[in-house]
Amino acid sequence: MPRRKGRRSDRLTPLELEIMEVLWVQGPATSHTVQKALDRRLAYTTVQTMLNVLCRKGKVRRLLRGRVYIYRPALSRHLELARTLRELIDRWFGGSATDLVMTLIEERQVAPETLAQLQEQVARFEDDSDGKN
């Protein structure tokens with residue numbers, strides 16, 4: 001489906017994700033602080049522009065302190081990751097998390113040891129669920 005003009009995606013671009021990671025790790029920060037914390041060298045104005053884009057997307061909030069904006073994440077890394085995973089599962093796997101997991105296993109993205117640990121965790125989860133009913 002073609003993208004409608006003027007409609008912004010909620011998805012984070014790679015650079016937006018880098019900036020969000022800085023804010024999630026460091027907490028509230030200025031544009032300058034974010035610029036210095038990034039792994040790559042970017043112009044101050046580029047970082048400032050990206051923070052403003054993140055504000056428009058609702059991913060970041062800002063507060064004016066004197067003449068400087070302080071930026072902070074509008075949501076936790078965990079909530080953003082959960083939203084992104086739900087979108088991935090809906091778009092690529094027809095809403096089936098099982099299909100996602102099976103693809104990871106089939107593509108050998110999950111080591112056998114990890115699969116064994118996951119099976120133990122599922123068994124514990126099932127035991128805990130049985131005890132709560």
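Visitor: Is Y71 buried or exposed?

Guide: Buried means under 20% relative accessible area, exposed over 50%, and partly exposed in between, using a 1.4 Å probe and protein chains only. Y71 is buried, with a relative accessible area of 1%. This is a predicted model, in which local features need pLDDT of at least 70, side-chain atom pairs count only at pLDDT 80 or more, and totals for chains, interfaces and linings use all residues. Residues are numbered from 1 along each chain as its sequence is written, and side-chain values use heavy atoms, with hydrogens and water left out.

Visitor: How many aromatic pairs are there?

Guide: Rings of Phe, Tyr and Trp (its six-membered ring) pair if their centres lie within 6.5 Å; planes under 30 degrees apart count as stacked, over 60 as edge-to-face and the rest as tilted. The count by this rule is one aromatic pair. The ring centres of Y69 and Y71 are 6.2 Å apart and the planes stand at 50°, so the pair is tilted. Y69 is partly exposed, at a relative accessible area of 32%.

Visitor: Which residue lies over the face of Y69?

Guide: A charge sits over a ring if NZ of Lys or CZ of Arg is within 6 Å of the ring centre and within 35 degrees of the ring normal. Here R62 lies over the face of Y69, 4.2 Å from the ring centre.

Visitor: How many bridges pair β1 and β2?

Guide: Helices (H or I, at least four residues) and strands (E, at least two) are DSSP runs, numbered from the N terminus. Two strands pair if DSSP finds at least two bridges between them. Strand β1 (residues 60–65) pairs with strand β2 (residues 68–73) over six bridges, in the antiparallel sense. R61 stands opposite R72 in β2.

Visitor: How many salt bridges are found in the whole structure?

Guide: Side chains of opposite charge can pair when their charged atoms come close. The rule asks for a side-chain nitrogen of Lys or Arg within 4 Å of a carboxyl oxygen of Asp or Glu. A search of the whole structure finds seven salt bridges. One of them joins E16 and K57, with the closest N and O atoms 2.7 Å apart. E16 is in helix α1 (residues 14–26) and K57 in the loop between α3 and β1, 41 residues apart.

Visitor: Which residues do salt bridges with shared partners join into one network?

Guide: K59 forms a salt bridge with E80, the closest N and O atoms being 3.0 Å apart. Through shared partners, salt bridges join R11, K59, E80, R83 and E87 into one network. Both K59 and E80 are buried.
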